Amino acid sequence: LNVSVSGRVYLRDTDHPLENADVRLVDATTGEARGTVSLRDGRFLISQIPPGTYDVSFDDYVLASPRSITVG
């Protein structure tokens with residue numbers, strides 16, 4: 001069973017959506033990466049994600065704190 005991961009990215013606050021950001025999910029076990037680019041309003045969708053734990057990153061941007069998600 002594969003699911004999708006969606007969200008929105010912002011630069012500092014919700015008044016500044018981040019357009020054209022490379023959003024990546026990296027499988028914490030295998031290192032396999034899946035990604036997409038955020039839209040003008042900061043929205044993104046990455047489909048066909050197998051269950052597992054993923055580290056979230058954005059190319060050319062530094063997160064205030066590391067993020068990971070678990071897909072069930």
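The exercises below, each with a worked solution, concern a predicted model.

**Exercise 1.** Find which strands pair with strand S2 (22-27), and in which sense they run.

*Solution.* Begin with S3, which is joined to S2 by five bridges and runs antiparallel to S2; here Val23 has Thr36 as its bridge partner. Next, look at the connection, where S2 and S3 form a hairpin with five residues between them, and where Gly31 in the turn has a positive phi of about 80°. Then turn to S5, which pairs with S2 in the antiparallel sense, again over five bridges, and in which Val56 stands opposite Leu25.

**Exercise 2.** Sort the residues of S2 into a covered and an uncovered face.

*Solution.* The covered face holds Val23, Leu25 and Asp27, whereas Asp22, Arg24 and Val26 make up the uncovered one. Such a pattern can be read with a general rule in mind: in a regular strand, side chains alternate between the two faces of the sheet.

**Exercise 3.** Decide whether Ser38 is buried or exposed.

*Solution.* First locate Ser38, which lies in the loop between strand S3 (33-37) and S4. Its relative accessible area is 2%, and since buried means under 20%, Ser38 is therefore buried. Finally, leaving aside neighbours within four places in sequence, list the contacts of Ser38, which include Val9, Leu18, Arg43 and Phe44.

Conventions:
Residues are numbered from 1 along each chain as its sequence is written. This is a predicted model: local features need pLDDT of at least 70, side-chain atom pairs count only at pLDDT 80 or more; totals for chains, interfaces and linings use all residues. Side-chain values use heavy atoms; hydrogens and water are left out. Helices (H or I, at least four residues) and strands (E, at least two) are DSSP runs, numbered from the N terminus. Buried means under 20% relative accessible area, exposed over 50%, partly exposed in between (1.4 Å probe, protein chains only). Contact means heavy atoms within 4.5 Å. Two strands pair if DSSP finds at least two bridges between them.
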